[in-house]
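I opened a new page today to look up a few places in one protein.

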Amino acid sequence: MHGNKQHLPKDFFLYHASKCRSKSYINLREISERFRLPPGEYVIIPSTYEPHQEGEFVLRVFSEKQNLSEEIESQIRTDNPKSLPVISNKESEEDLQFCRIFRQIAGEDMQISAAELKSILNRVVKKHNMKTEGFALESCRSMVALMDTDGSGKLNLAEFKHLWNKIKQWQAIFQEYDKDNSGLIDSYELRSAVNDAGFRLNSHLYELISMRYTDLNMNVDFDSFICCILRLEGMFRAFHAFDKDGDGIIKLNVLEWLQLTIYA
């Protein structure tokens, strides 16, 4: 493992052959094997018999020599996103065009609702020729909740521009894993994409995300990916706001909890 404490990417398994495995890969409730291995670091990978199945398991390891073992991805935190494109402060012609669209839809108060945001963003998506049905209203409500810094329930132009820059960055991550331009990434790629967006989660949380945002074929479309990242960013932001002493523990009363979850 070379000291790696994070989820191993596909390339790891392409270029590293397994040192040992079960003699026969069969669908049994219990598998036991004995192996002799030289000293080193190893990763043990249990699996279900069919892909994308959910199951509980107990892994017991007996060693004749002293050893240390730990579960990878045990830490939960948010980091700086990986390899995101730099968004220039200089407005491009595209940005100016969307600002004009914003002004047309916003009206005199220069603020847009979730429904109006949906209209703007779906125009944007069409211009990028992405294979997607566009953003759902619920997704846009989540975006407004995340970016509405003044508590108006709408987005002003500055908040919209900040959101648009984020969406462009997340779009770049999504397209990096959507190699065939199908408009979909699978659950394995979703884990890596979430990691690239700057979120470090444990295996249980990745499983919950997959169940929440993937379709019957365990694929994620662009709208669902954006919803996932928005929810993670909003939840981490809210947690850090309540964790005033930075000890990783917060205490909420029922009103705070309901306000937080309803608006998320």
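**Entry 1: helix α6.** I started with helix α6, residues 187–196, which is mostly covered, as 8 of its 10 residues are buried. Helices here are DSSP runs of H or I with at least four residues, strands are runs of E with at least two, and both are numbered from the N terminus. Buried means under 20% relative accessible area, exposed means over 50%, and partly exposed lies in between (1.4 Å probe, protein chains only). I listed the buried residues of α6: S187, E189, L190, R191, S192, A193, V194 and D196.

I noted the source too: this is a predicted model, where local features need pLDDT of at least 70, side-chain atom pairs count only at pLDDT 80 or more, and totals for chains, interfaces and linings use all residues. Residues are numbered from 1 along each chain as its sequence is written, and side-chain values use heavy atoms, with hydrogens and water left out.

Next I checked both ends of α6. At its start, a side-chain oxygen of D186 comes to within 3.1 Å of the backbone nitrogen of Y188. That is a polar contact: a pair of N or O atoms within 3.5 Å, where within protein one must be able to donate a hydrogen and the other to accept it, and residues adjacent in sequence count only if both atoms are side-chain atoms. After α6 comes G198, with a positive phi near 105°.

**Entry 2: a cavity.** Which residues line the second largest cavity? I found S187, L190, R191, V194, Y206, I209 and S210. A cavity is a set of points on a 1 Å grid over the protein atoms alone where a 1.4 Å probe fits but cannot get out; a pocket is an open set with protein on both sides within 12 Å along at least five of seven lines; lining residues have an atom within 4 Å of a point. The count is 2 cavities of 30 Å³ or more. Volume is the space filled by probe spheres set on the grid points, which are joined across faces, edges and corners.

α6 and α7 each supply at least two residues of this cavity's lining. The largest share, 4 residues, comes from α6. An α-helix has 3.6 residues a turn, so residues three or four places apart point the same way.

**Entry 3: two loop residues.** I looked up N202 in the loop between β5 (199–200) and α7. N202 is buried, with a relative accessible area of 18%. A polar atom of its side chain lies 2.9 Å from the backbone nitrogen of L205.

Then I turned to T214, in the loop between α7 and β6 (219–221). Is T214 buried or exposed? T214 is buried, at a relative accessible area of 14%. A polar atom of the T214 side chain lies 2.3 Å from the backbone oxygen of S210.

Entry 4: Two or more lining residues come from each of β1 (77–78), α7 (203–213), α8 (222–242) and α9 (254–263). α8 gives the largest share, 8 residues.
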